[in-house]
Amino acid sequence: MQKRYNIEEFNEILLRRRSIYPYQYVRGKVIPDAIIWQILENANRAPNHKQTEPWRFCVFSGEGLKHFGQLQADIYREFAADSYQQDRYKKLIEYPLMSSHVISIGMKRSAVDKLPEIEEVEAVACAVQNMFLTVTAYGLGCYWTTAGITYFEEAKSHFGLERTDKLLGFLYIGYVEKPVTAISKRKPIGSKVNWIDTIDGINRPTDLGKYVAHRCAF
Ligand SMILES: Cc1cc2nc3c(=O)[nH]c(=O)nc-3n(C[C@H](O)[C@H](O)[C@H](O)COP(=O)(O)O)c2cc1C
């Protein structure tokens, strides 16, 4: 039999995972490298079709946060064209400085003949969720942003990515100033699930959503 884990604790980590933003972090409080490496190790355990391991990360910490902030602001100013906004430029410099670490999230495309691109993107998203849950389990905060320069072709090379690769955003991480206790708003899972257990394939109404909501209400 497979090893059993503490499922209540695991469900609690999932339930409590929230996007927590840099203005909610304790400024200047630095997460130890060992924890950041564990977060990265857990990313590396994500499922991936054809074992391409497409996730690529650049970690920015310490003075590197200043470098990253200025870099993304400069790229934004140079290439944003008509969508340029001065307050966005300022935020791109300031947000990294409120964080302990920023990690760029990249997809390295290696299986052009073997896999549709979306499957390599999906594998990276699984890696990010592993990071998110690890951050939550450590009692830290993070959020994934695709704002700013994420989809700028010109940004890729600064994060070790080439033309066929994709920049998928940035994970900002920090110690949380004031605990976030509210759980995330979601419509019931029952409203998004068809459950078929009849030979004729006819869906029957299910109270699964209610069941899950009830189980999580502790
Ligand atoms: C791929 C992706 C990109 C996101 N980009 C942004 C973003 O650019 N700015 C932002 O404020 N939040 C961003 N978020 C966070 C979502 O807004 C957040 O997950 C959502 O509001 C639900 O809140 P929760 O994560 O606390 O459950 C992003 C989330 C994902 C998955």
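Predicted model: local features only at pLDDT ≥ 70, side-chain atom pairs only at ≥ 80, totals over all residues.
Colleague: Which residues of helix 3 are exposed?

Modeller: Start with the buried ones: Leu65, Phe68, Gly69, Gln72, Ala73 and Tyr76. They cover an arc of only 120 degrees around the axis, so they sit on the same side of helix 3. The cover over these buried residues includes strand 1 (55–61), helix 4 (86–97) and strand 2 (101–107). On the other side of helix 3, the exposed residues are Glu63, His67 and Glu78.

Colleague: Which element gives the largest share of the largest nonpolar core?

Modeller: That core has 34 residues, and Val124, Met131, Cys142, Leu171 and Tyr172 touch the most other members. Several elements supply at least two residues each, among them helix 2 (33–43), helix 3 and strand 4 (166–174). The largest share, 7 residues, comes from helix 5.

Colleague: Which element gives the largest share of the shell around the ligand?

Modeller: The residues around the ligand include Arg18, Ser19, Gly169 and Ser184, along with Tyr143, Trp144 and Thr145. By class, the shell has 3 nonpolar, 5 polar and 1 charged residues. Its largest share, 3 residues, comes from strand 3 (residues 141–145).

Definitions and conventions
Residues numbered from 1 in each chain as written. Near = placed C-beta within 6 Å. Helix = DSSP H or I, 4+ residues; strand = E, 2+ residues; numbered from the N terminus. Nonpolar A, V, L, I, M, F, W, Y, C, P; charged D, E, K, R; others polar. Buried ≥ 20, exposed ≤ 12 C-beta atoms within 10 Å, placed from the backbone. Arc of directions from axis to C-beta. Contact = placed C-beta atoms within 7 Å. Core = buried A, V, L, I, M, F, W, Y, C linked by C-beta atoms within 7 Å.
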